[in-house]
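Please walk through the charged side chains of this protein, looking at how they pair, and then turn to a place on its surface.

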Amino acid sequence: MLKELNQQRRAKEFTDLKIIVEGKEFEVHQNVLASCSLYFKDLIKRSPRDSSRSGEKLELAMSNLTADVLELLLEFVYTGSLIIDSANAKTLLEAASKFQFHTFCKVCVSFLEKQLTASNCLGILAMAEAMQCTELYNMAKAYALQIFPEVANQEEILNISKDDFISYMSNDSLNTKAEELVYETVIKWIKKDAAIRAQYAAELLAVVRLPFIHPSYLLNVVDNEELIKSSEACRDLVNEAKRYHMLPHARQEMQTPRTRPRLSAGVAEVIVLVGGRQMIGMNQRALTAVTCLNPQNNKWYPLASLPFYDREFFSVVSAGDNIYLSGKRQIPQEQNHRRVWIQKDRERSPNPTPPAMDRDTFH
């Protein structure tokens, strides 16, 4: 049926809609176009019906579309096939999104996802956001964040808007092992057009996690950058990072978005389990094990064990990155338990032979 309908379209048989784009006329069937596009369905329903009663074709003149793109859209509607390449994919997706050809959009999105590279992912990301194309947006965003070191070397990143640049560089999922690369990319973006962009230096520097930059780099490179030295707000950010390095015991009071490590840094807040008790039959013993749970991957990891085994009911307090134990109740001497155990063994046996009294046997 599609094949026959397409032949009728080309022969202009039974067509009842004429679309005029760039002076070129396209004759189609209203019901076919309306069944594939909500935009055209609504447009046709709202059009005057006088022409249809008189036998004349309904005419629509469109100025926000090119003839080549419309030809490709109609070819897809009538045949289900499409010739798409890297040169026309973006244009086709924009048109398909604007005119609500949803199936056509899926084809374009599928193609563009396979074409993502370090040199075009930010452009595709911005386009997907503008068109509210959620699927492509999420794919391009995840890709761009994952390959940040490659994206940072591309010219494209220096040409995106300030808001897009800040949104990208401030993301916790930005994959970088060294925050120095983030700083260098920010400086390059500013110097690309320093006359205009220098006024945003402090706002841009604020997306860099300066406290995670190596102290020597902070003092020898960042401190000597002219853009930093000429801005009081930038100097304040650098001084904040210096204090963070100089006063490790006061870091808990210095928490800002800049002191939150990126996910790729391998640093995470964990839940620490200290000690505990193990039941052995009717008895129990204190544990010296210390483990932690990382909520990011839901995995447990062993930490250094407690340096003692004869205490229980102590308090555990965290302060910054440190954990402190205070208070205790001394566990009764092990020797007393051994004597009771030996006496019971003698009662059961007329000629008891006491076992070795090492700690492993006892526990």
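A salt bridge here means that a side-chain nitrogen of Lys or Arg lies within 4 Å of a carboxyl oxygen of Asp or Glu. In this predicted model, the count by that rule comes to 16 salt bridges.

One of these salt bridges joins the side chains of lysine 162 and glutamate 203, with an N to O distance of 3.3 Å. The pair links distant parts of the chain, since lysine 162 belongs to helix H11 (residues 162–169) and glutamate 203 to helix H14 (residues 201–205), 41 residues apart. Lysine 162 is buried, at a relative accessible area of 19%, because the limit for that class is under 20%, whereas glutamate 203, at 41%, is partly exposed.

A further salt bridge brings together the side chains of aspartate 172 and arginine 260, at 3.0 Å from N to O. Aspartate 172 sits in the loop between H11 and helix H12 (179–192), and arginine 260 in the loop between helix H17 (232–246) and strand S4 (271–274), so this pair ties together parts that are 88 residues apart in sequence. Both ends count as partly exposed, aspartate 172 with a relative accessibility of 25% and arginine 260 with 39%.

The loop between H17 and S4 also holds arginine 258, while glutamate 240 lies in helix H17 itself, so that their pairing ties together parts 18 residues apart in sequence. Elsewhere, Arg9, Arg10 and Glu75 are linked in a network of salt bridges.

Arginine 197 is found in helix H13 (residues 194–197), and a polar atom of its side chain lies 3.0 Å from the backbone oxygen of leucine 158. Leaving aside neighbours within four places in sequence, arginine 197 is in contact with Leu158, Asn159, Ile160, Trp189, Ile190 and Lys192.

The surface also has a nonpolar patch of about 220 Å², made by Val316, Ile323 and Leu325. Of these residues, valine 316 is found in strand S10 (residues 315–319) and is partly exposed, with a relative accessible area of 40%.

Technical notes
Residues numbered from 1 in each chain as written. Predicted model: local features only at pLDDT ≥ 70, side-chain atom pairs only at ≥ 80, totals over all residues. Heavy atoms only, no water. Patch = residues over 30% accessible without salt bridge, like charges linked within 9 Å, V, L, I, M, F, W, Y side chains within 5 Å. Areas by Shrake-Rupley, 256 points an atom, 1.4 Å probe, with all protein chains shown as cover. Helix = DSSP H or I, 4+ residues; strand = E, 2+ residues; numbered from the N terminus. Buried < 20%, exposed > 50% of the residue type's maximum accessible area, 1.4 Å probe, protein only. Polar contact = N/O pair within 3.5 Å; in protein donor to acceptor, adjacent residues only side chain to side chain. Contact = heavy atoms within 4.5 Å.
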